[in-house]
Amino acid sequence: MIRFKTLGQFIIEKQAEFPYAKGELSRLLRDIGIAAKVVNREVNKAGLADILGDHGTCNIQGEEQKKLDVFADEQFIDALSQGGECCVVASEEHDEYIKIKTPVSANAKYIVCIDPLDGSSNIDVNVSVGTIFSIYRRNNLDNPVSITDILQKGVNQVAAGYIVYGSSTMMVYTTGRGVNGFTLDPTIGEFCLSHPKMRINEPGLMYSINEGNYVHFPQGVKNYIKYCQEEDRATQRPYSSRYIGSMVADIHRNLLKGGIFLYPATAAYPSGKLRLMYECNPLAFIIEQAGGKASNGHVRILDIQPQSLHQRTPVFIGNKAMVDQVEKMMVEAAIAYGV
Ligand code: P6P
């Protein structure tokens with residue numbers, strides 16, 4: 001008898017642990033899982049279905065929207081609209097947040113911030129891409145939903161997760177009681193528990209950064225990169241450098257193998273490139289729940305008070321000792337250079 005536990009069975013089993021255990025969050029995670037399976041099908045045949053190439057429109061980031069970006073966005077919004085538990089979706093692909101108006105969602109309590117297909121520039125070259133989602137409860141159920149319901153600190157998330165569409169497709173999520181990973185079994189069309197109680201691998205011996213931006217990095221980051229490259233047997237340096245250019249894939253590797261991902265401020269992105277609400281906050285929640293750390297170099301990511309939906313932030317995320325080290329070197333450089 002093959003013993004496996006599907007995502008649905010796991011969610012129901014854990015439902016009792018969740019303070020709002022009325023099944024709402026369970027249904028929300030189920031809805032996300034359904035959309036993920038549809039997106040996975042299209043990502044897997046992207047090269048065949050003429051779904052590649054630009055959609056001829058641009059998103060708020062001014063980035064060309066790939067057809068799969070738009071398709072993925074539509075699938076998640078549709079699944080969340082039909083599921084009845086979500087009242088608002090804030091998506092990377094839309095300038096403004098979307099109020100869900102289906103009758104079934106009239107009293108919905110949850111807000112989903114989502115990057116439907118992160119790393120989409122990698123689609124055409126067959127590199128892993130991902131979906132990242134963050135779930136909040138509305139602040140006040142008596143008032144109509146407003147932007148203040150959405151711009152909550154990451155520490156208020158009730159759940160967060162990602163789907164990585166790679167050599168296998170996995171969903172990894174947390175509701176604040178640890179991190180669990182599910183691998184899609186295409187023979188039965190179900191996500192099955194494959195990585196229970198995930199913890200970031202220790203010690204971290206990999207660093208992940210786009211060194212093409214080196215000349216514009218803060219001095220402390222430059223010093224940290226050199227630190228990673230020094231020979232030191234006691235601390236098992238030099239570390240390995242690994243950079244995929246798809247945040248979900250880089251973070252997923254570091255979760256499993258240990259490591260730090262860094263996207264500091266650069267000339268092109270003086271506030272950092274990655275978005276707080278639907279990239280850094282959800283991934284920070286997951287990495288902290290797995291025993292790691294995530295900061296903007298000075299402040300815990302989850303403690304940042306969001307000011308706008310698409311705001312960006314520098315991000316340093318991974319093993320706690322590695323993030324502590326780069327933070328320390330940034331302080332030392334600021335003192336040394338008087339910046
Ligand atoms: P760069 C992909 O476009 C993305 O948003 C993240 O997935 C990834 O980590 C980052 O940008 C890569 O940026 O500047 O190194 O190409």
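## Around the ligand

In this predicted model, a polar side-chain atom of Lys273 lies 3.0 Å from an oxygen atom of the ligand. Asn210 also contributes through its side chain, with an N or O atom 2.9 Å from a ligand oxygen. Met247 takes part through its backbone instead: one of its N or O atoms there is 2.7 Å from an oxygen atom of the ligand. On its own the ligand would expose 400 Å², and the protein buries 83% of that.

Let's look at the whole shell. The residues around the ligand are Asp118, Gly119, Asn210, Tyr243, Gly245, Ser246, Met247, Phe261, Tyr263, Lys273, Leu274 and Glu279. By class, they divide into five nonpolar, four polar and three charged.

## Aromatic pairs

The structure holds six aromatic pairs. In one of them, the rings of Tyr214 and Phe217 have centres 6.4 Å apart and planes at 70°, so this pair is edge-to-face. Tyr214 is partly exposed at 25% relative accessibility, while Phe217 is buried at 5%.

Tyr243 sits in the loop between strand S12 (240-241) and helix H6 (247-257), and Phe261 in strand S13 (residues 260-263), so their pairing ties together parts 18 residues apart in sequence.

## A cluster and a charge over a ring

Elsewhere, ring pairs join Phe10, Tyr173 and Phe182 into a cluster. Tyr227 has a charged neighbour: the charged end of Arg237 sits over the Tyr227 ring, 3.8 Å from the ring centre.

Technical notes
Residues numbered from 1 in each chain as written. Predicted model: local features only at pLDDT ≥ 70, side-chain atom pairs only at ≥ 80, totals over all residues. Heavy atoms only, no water. Near = heavy atom within 4 Å. Polar contact = N/O pair within 3.5 Å; in protein donor to acceptor, adjacent residues only side chain to side chain. Areas by Shrake-Rupley, 256 points an atom, 1.4 Å probe, with all protein chains shown as cover. Nonpolar A, V, L, I, M, F, W, Y, C, P; charged D, E, K, R; others polar. Phe/Tyr/Trp six-rings, centres within 6.5 Å; stacked < 30°, edge-to-face > 60°. Buried < 20%, exposed > 50% of the residue type's maximum accessible area, 1.4 Å probe, protein only. Helix = DSSP H or I, 4+ residues; strand = E, 2+ residues; numbered from the N terminus. Lys NZ or Arg CZ within 6 Å of the ring centre and 35° of its normal.
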